[in-house]
Amino acid sequence: MLKRPAAVLGLFESPRALLSAIELLRARGRWSLEAYTPYPVPGAEAALGLKRSPLAAMVLIMGSLGALTAYLFQWWMNSVDYPIVVGGKPVDAWQAYVPVLFEVTVLFAAFTAGLGMLLLLNRLPDFRHPLLSSKSAAALTRDKFGLALEPAEGPFDAGAAEAALREVGAEAVEVLNQPAPPAPVKPRTLLLLAAGGALACLAAGLGTYWTLKLFPALPPMSHMLEHPKLVPQKPSAFFKDGRGMQAGVPGTMARGRLPYPCKTEACASRLANPLPRAAEVLRKGRKAFDTSCAVCHGALANGRPLLSEAYGAKPADLQSSRFLSMEDGRIYHTLMTGKSAMPSFASSLTDDERWSLAHYLRALQRAQHAEDEDLR
Amino acid sequence: MSLLSLVTGLGALGAAAAYFAAGPERFWANWLLWQLLLLSAGLGSLFLVALEHLTDARWSIPLRRTAERTAGLLAPASAAMLAGLFALPVLYPWAHPGAALMPHGAAKSAWLSAPFFSARVVLCSALWLLAWRLLAGGSLEQDKTKAPALSVLARRFAPFFMALFALSVTTAAFDWLSSLEPEWYSDILGVYFFAGIFLAGLASVTLLAVHLIGAGRLPGVRFDHVYNLGGFLFAFTVFWSYIAFAQYLLMWYAHLPEEVFWYQRRLEGPWRTAALALAVFHFLIPFFALIPRDAKGDLPRLRWVAILLLGAHFLDLYWLIFPVLGPDPLFSWPEVSFALFFIGAALLWIRRSLAQGADMPIGDPRLEEGLAFRL
């Protein structure tokens, strides 16, 4: 196949020689010039008359986009998707966003600068570049300064370009030929490639599978699970007697847990509800009812919950006449002691919650047994 | 008598009147601010000179005399700081009579005593003046003798100065700024102050260089040289912001009472506006103004950015110092008088130094190399 010259490369000893050659040859205007240097030569850009690269604008835009992305991402996660209070700070605290915002800005900008320069603007990798066939390709990355003349338009007279380069002081001149077009791929090669790829996938998959089978996974960082918290019925190094559970300090009582004097229902029926029938109290009672009672007694307290089919128990119908006339104190008592299948709520509800619950139950009962005057 | 001396004199009168009309507290707060501003311009420039010797920089040799001249502001700054020692019993709670009751603990009490404080101020000033004498004075001497040995001496001295500089700047920041509220803790304040100092020094050097280039007194200084100054300004704008935010973020997160009250005082009420202005003028505007490549070597732009940054450094010091006087920012004729006096005095001092020696270090054997510098 006939070799077609693509460019003529001249080698120069120093950046200064290169710059003066560029100046002389650009004045003739017959060729388009390209410099190949081991490092950025100051002034080469101006001498070659290169246009300002659009990279700076790209980096600015992508950097700003990075900042915006990081901000919106954090704002959405922290104040829309999963608001959670950390360290007593507001959920949407811009201060906490700044480090990530800064990093993502830098990330976007740096990737744009690096990849944009290599892939987008210089279209690398380019394995068919004529320069790669040059004898002096290695020297150009080391200590020589190359200037290539390529045809600006029309047919390329390699001889004239060679002469011009020698004239402006090139110490060596070389004609770079157009590389041969790539040979067409044979079907056999394709088949082999596909088989190789499939084999590699199989090997990787099986390898991973058996590795995980044979070598049990190491626990992930578990030290956060191993904090010295108190666990019921377990020893603890925190207290002197080595037990995790401690009796109350003599002569004190916990907040919201007043001592309960009654042993019998008769005693309890004489207790008066200490809380007023106020909206705040009813709200609290509703919350406690929905949390602790509605599962069994139903949201309307009529003993028909959604789950009754599943476990086959018969929770009391709190709307029945027996409960309509029951005193608040006895409701409180049942919550303290439990009744048949119902457990005690002495430790899982506070005093206030139990009394509020009694009020709320009254509201539920009234809602199911409304009188005419309620509608007026 | 020139207009400049007239303005300076007027400022001096106003400042003196402020002592009696506005009270010693306000007088000394202003004094403290301006002594630190002078110190920033001078010491920042001196740091630049030392840095250039340390790294054997080539690009900066034609501009080094400019930096040596603005570094000369260290002399009036040191004088102002000695006078500033009178501010101790007025502004600094630990120097009040009966200060033993202050809640800053025994460890701090040992450090915060008037004689020890004065000794530190004198020692630091002596160090800076000595370094200035060696670096700038040596350079002036080299104009006449052309002795390369002086360059070697400067290069050998620079690393020692760097180490002592770091210590002395931290000390100055803790002493003059931090101890205004002695119960406050911030390890990073020294770096914060350094960032402000270096930026102010760079801005002064840039301003003077742009002026001298405009007057045709720096032949051979071209885009390539000025570009580096612009790059420095840009880089340290970002550095200052980074450090300022780092200090704020950690204290905001930790929310310790002995740290956070300091920010509470400076971020609530009218001071919030000052803090926001600081973010705008000390970061946003100079940052975006200096982003484009050509902007870093563009003389008119560099001039206004340098002036802006000096103003921002003033605002920074104002925001650091003045909240101790009260919850409302004070700004009226006493502050203006102080500004007139100190700016006038600084310009007079610089004008005086412009008459001494050549405009470039003509004795430096590497001046040619420096002029040939290309980006």
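The model is predicted, and local features need pLDDT of at least 70, side-chain atom pairs count only at pLDDT 80 or more, while totals for chains, interfaces and linings use all residues. Residues are numbered from 1 along each chain as its sequence is written, and chains are lettered from A and ligands numbered from 1 in the order in which they are written.

**Strand β1 of chain A**

- Seven of the eight residues of strand β1 (residues 5-12) of chain A are buried, so this strand is largely enclosed by the rest of the structure; strands are DSSP runs of E with at least two residues, and helices are runs of H or I with at least four, numbered from the N terminus.
- A residue is buried if 20 or more other C-beta atoms, placed from the backbone, lie within 10 Å of its own.
- β1(A) runs antiparallel to strand β4 (residues 172-177) of chain A, joined by six bridges, and A:Leu11 stands opposite A:Ala172 in β4(A).
- With strand β3 (residues 145-151) of chain A, β1(A) pairs in the antiparallel sense over five bridges (pairing requires that DSSP finds at least two bridges), and here A:Leu9 stands opposite A:Ala148.

**Helices α3 and α4 of chain A**

- The axes of helix α3 (residues 55-81) and helix α4 (residues 94-121), both of chain A, come within 7 Å and cross at roughly 145°, where axes are lines fitted to C-alpha atoms over the stretch in contact and angles run from 0 to 180 degrees between N-to-C directions.

**Contact between chains**

- Chain B gives seven residues to the contact and chain A gives six residues, with residues in contact if their C-beta atoms, placed from the backbone, lie within 7 Å.

Conventions
Two residues are in contact if their C-beta atoms, placed from the backbone, lie within 7 Å. A residue is buried if 20 or more other C-beta atoms lie within 10 Å of its own, exposed if 12 or fewer, and partly exposed in between; C-beta atoms are placed from the backbone.
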